[in-house]
Amino acid sequence: MLKRWRQTVTATDLVVWAIGLAIGVGVIYGSIQTIRAGQYTAEQWINLTIDGLKLGEIYALIALGYTLVYGIMRMINFAHSEIFMSGPFTAVFLAKYLNSIGFYNTYPIISLLLITLLSAAVSATLAILLERIAYRPLRFAPRLVPLITAIGASFFLQYTFRGMYGNDPETYPTFDFLKGVFQIGPIPVPKTDALVIVAAVVMMLVLYGIVQYTKIGKAMRSVSEDKETAALMGINVDRVIVFTFTLGGISAGVAGILYSLIFHQVNFYMGFIPGLKAFTAAVLGGIGNVVGAWLGGTLLGLLESLGPNLFLSGLGIPAANQLKDAIAFTILVFILIFRPQGLLGERISKEKV
Amino acid sequence: MSKKLFVSLFVLLLGGMLLVACAGQTLECTDSIGCVEVKAGDPVHIAYAMVISGPDATLGTDSRNGAEIAVFDKGGKVLGHDIKWDGEDDQCSAEGGQAAGTKLAADPTIVAVIGTSCSSALRVAMPLWSSAGFTVISASNTAVDLTLAGNENNHPGYLRTAHSDSVQGAAAAKFAWEKLGVKKAATIHDGSIYAEQLQQVFADTFTELGGEITAQEAVSPDQTDMSGVLTSIASGAPELIYHPIFVQAGVQLILQGRQTPGLENVYQMGADGMFSPDVMDGAGEAVEGVFVSSPDTSKFGPDYEANFLPAYMAKFGSEPISIFHAHAYDAMNMVLGCIEKVAQGDKEGGDMLIGRQALRDCMYATKDFTGLTGNLSCTPTGDCADPKIAVYEYNTGQFPPTKIWPED
């Protein structure tokens with residue numbers, strides 16, 4: 001036993017484990033220090049948790065787009081962050097128009113539905129076009145080719161939107177009905193946050209339901225398992241792929257509106273960072289796995305929000321919140337090292353790679 | 001054989017004498033770091049390096065407009081030569097400064113650079129420009145170290161008409177302490193040298209006055225989610241948050257600060273980097289009551305109201321969109337004035353030479369220059385400002401904000 005162990009473990013493994021252990025000890029030590037210092041009240045911890053959740057659910061919704069496409073096509077659609085940007089960056093003009101004619105806050109629910117519909121429609125259309133123009137001709141090309149195409153498409157879309165709508169950020173007007181907080185017991189939850197979390201979770205449940213319990217969902221899963229066999233069984237693979245991209249586009253468009261409800265400002269590069277984070281979330285949960293995307297997104301949001309204040313400030317790092325993006329990407333690196341298949345992912349077999 | 005050699009030597013000698021004679025007829029550059037030669041019909045090239053795209057575009061565009069009015073006032077000419085006025089985007093970042101710096105430094109026709117907009121950009125661009133021999137004068141760099149004698153970021157050839165932040169940060173602290181009666185404050189910077197030094201000056205002055213700094217936090221310039229940093233700040237229960245950063249992150253801090261439990265009614269204060277209509281547009285109703293410190297336009301010379309503002313309106317169709325237009329106007333006039341003084345040769349549009357060191361010397365020797373922003377006199381390290389700082393308060397949908405301090 002020991003002998004076999006000695007043969008499989010290399011020096012690199014030991015170094016990597018040592019680094020992992022050091023970080024683990026740092027995190028635990030930092031957390032203990034912070035909690036002992038008692039800088040934050042219980043209410044503030046709850047606030048941070050809510051902030052983490054709302055970001056996490058948005059990441060999860062975007063991550064679904066990465067994960068669905070990966071499940072079917074075995075490719076990372078790096079242009080997904082631009083699909084996410086296109087919806088809200090278009091819908092902001094509708095929102096501003098509705099606000100200027102006074103419709104926006106008189107019929108807020110209808111307005112919200114209208115801008116969400118527009119955003120989802122734009123994102124979905126773009127996703128379908130992208131698949132048709134950029135990815136379909138490359139379906140049988142080596143795996144690296146569509147990946148590079150996706151990166152190119154990402155830049156192309158970013159600068160197309162910059163050309164169309166300009167450099168400057170646009171601002172979503174505020175909904176009056178989303179001001180203020182819900183008092184849930186002793187905990188004040190900002191109405192916007194509550195709406196974002198609920199809407200994102202509902203949206204994900206719907207998507208999960210489609211994938212698990214509908215006929216087209218069944219077709220998606222079978223194409224994901226084996227494209228050729230699925231085609232032989234009479235499944236229209238093209239249709240399934242288009243449907244997958246549509247689902248991803250819709251979830252990105254909705255996520256974009258939820259994101260805009262929180263941060264208000266939209267611009268042509270707004271997709272970049274959330275896109276990367278969502279990709280991290282998808283990898284964290286296990287890319288190709290729908291539940292994994294949700295789990296990864298939620299965990300990432302919570303870690304980002306709680307992490308700097310919990311373990312970094314406890315380690316005496318000044319201005320710790322500056323490092324929240326660093327936390328997200330450190331996690332990505334360590335997942336790729338220790339558990340490349342992600343938390344819920346199955347080990348990718350040789351045939352699939 | 002020796003005859004041939006003698007003849008060829010003679011020819012060489014003759015040729016050499018001829019060359020020397022020719023050089024004598026034209027101008028000879030005696031400047032220690034070289035000259036810019038401007039032939040008859042050639043333009044005098046002055047370049048800008050300002051932020052003209054992205055979220056801080058109003059800052060640079062406004063300064064560029066100000067300098068352009070100075071060119072316009074001169075009829076577009078200096079000493080009978082056209083003024084060639086073009087430039088690069090400094091993007092308000094070190095990366096942008098590197099790109100603009102390299103590009104401009106490679107152009108030997110450039111006499112002077114007006115810029116940059118942001119201190120972070122200047123920090124990387126200035127070493128390049130300094131060794132290229134340019135005279136550089138900025139209308140809006142306010143970071144302290146740029147004109148600090150002996151500092152690694154102070155380079156020969158650099159001047160500014162903007163105030164140093166040692167003045168602005170101290171004024172902001174005084175305002176918070178005296179006018180608002182605030183005892184506890186927190187600061188946030190975005191990692192730019194401008195913001196980092198400004199909040200440090202504020203913190204030092206505020207502590208000296210007897211106040212307490214509860215936290216000195218940082219965000220990144222394009223960060224959107226501020227909840228972590230704001231909750232962390234809320235745990236110290238400050239009465240004022242000083243965030244002298246730029247538009248994009250600044251707007252998010254204002255918006256989210258108003259929603260963070262414990263910070264809903266805390267004063268928020270920025271600096272001149274946030275004096276922009278984009279802050280008003282972006283923050284919507286949350287902008288109500290946000291303070292910014294900035295140069296005091298009401299203390300500007302009479303020419304500002306009488307001539308400059310109408311010219312700006314006429315040429316660009318709006319009120320000034322930021323705060324450093326007058327500083328840029330003064331900067332351009334100082335450069336043009338010194339070019340007139342130091343140029344050698346034909347001063348009516350013919351061939352002339354502009355000594356690079358001579359131009360720098362002339363700029364540093366500026367004394368009691370009557371500009372829009374006051375009486376400018378330059379220190380040996382390039383501080384030319386006549387700093388007058390005021391504090392303004394934003395109201396929803398109103399730009400420019402209202403001046404509230406000092407009361408006079």
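1. Ground rules. Because this is a predicted model, local features need pLDDT of at least 70 and side-chain atom pairs count only at pLDDT 80 or more, while totals for chains, interfaces and linings use all residues. Residues are numbered from 1 along each chain as its sequence is written, and chains are lettered from A, with ligands numbered from 1, in the order in which they are written.

2. Chain A, the overall picture. You'll find 14 helices and four strands here (helices are DSSP runs of H or I with at least four residues, strands are E runs of at least two, and both are numbered from the N terminus). The C-alpha trace spans about 75 × 60 × 40 Å along its principal axes. A compact globule of 353 residues would have a radius of gyration near 20 Å, and chain A agrees with its 22 Å (taken over C-alpha atoms; the rule is 2.2 Å times the number of residues to the power 0.38).

3. Chain A, burial and contacts. Of its 353 residues, 46% count as buried (buried is 20 or more other C-beta atoms within 10 Å of the residue's own, exposed is 12 or fewer, partly exposed is in between, with C-beta atoms placed from the backbone). Take the contacts in chain A between residues at least 6 apart in sequence: 78% of them join residues at least 24 apart (a contact means C-beta atoms, placed from the backbone, within 7 Å).

4. A backbone spot to look at in chain A. Arg74(A) isn't a glycine, yet has a positive phi of about 55 degrees. Arg74(A) sits in the loop between α3 and α4 (80-100) of chain A. With 16 other C-beta atoms within 10 Å, Arg74(A) comes out as partly exposed. For context, most residues other than glycine have a negative phi, and most peptide bonds are trans.

5. Chain B, the overall picture. The count for this chain is 12 helices and 18 strands. Its C-alpha atoms fill a box of roughly 100 × 50 × 35 Å along the principal axes. Of the 408 residues of chain B, 56% count as buried. Among contacts between residues at least 6 apart in sequence, 72% join residues at least 24 apart.

6. Two domains in chain B. The assignment gives domain 1 (37-164 + 299-388) and domain 2 (166-297 + 390-405); such bounds come from an automatic or database domain assignment. Their C-alpha centres lie 29 Å apart. The contact between them takes 24 residues from domain 1 of chain B and 21 residues from domain 2 of chain B. On the domain 1 side, α2 (57-73) and α4 (119-132) of chain B each supply at least two residues, and α4(B) gives the most, with three. That side divides into 11 nonpolar, eight polar and five charged residues (Ala, Val, Leu, Ile, Met, Phe, Trp, Tyr, Cys and Pro are nonpolar; Asp, Glu, Lys and Arg are charged; the others, Gly among them, are polar).

7. A three-stranded sheet in chain B. The order is β1-β14-β13, in an open, antiparallel arrangement (strands pair if DSSP finds at least two bridges between them). β1 (35-38) and β13 (344-345) of chain B are the edge strands, each with a single partner, so one side of each has no neighbour in the sheet. Two bridges join β13(B) to β14 (residues 352-355) of chain B, and one of the partner pairs is Gln344(B) with Leu353(B). Helix α12 (residues 356-364) of chain B packs on the sheet, touching β1 and β14 of chain B, and its direction makes about 60 degrees with that of β14(B) (axes are lines fitted to C-alpha atoms, for helices over the stretch in contact, with angles from 0 to 180 degrees between N-to-C directions).

8. Backbone spots to check in chain B. A cis peptide bond joins Gly115(B) and Thr116(B), with omega about 0 degrees; Thr116(B) lies in the loop between β5 (110-115) and α4 of chain B. Another cis bond joins Trp405(B) and Pro406(B), with omega about -5 degrees, and Pro406(B) falls in the segment after β18 (398-405) of chain B. Leu79(B), not a glycine, has a positive phi of about 50 degrees.

9. Where the chains meet. On the A side 26 residues are in contact with 28 residues of chain B. α3 (42-73), β3 (187-190) and α13 (290-312) of chain A each give two or more residues to that side, with α3(A) giving the most, six. By class, the chain A side has 10 nonpolar, 12 polar and four charged residues.

Definitions and conventions. Two residues are in contact if their C-beta atoms, placed from the backbone, lie within 7 Å.
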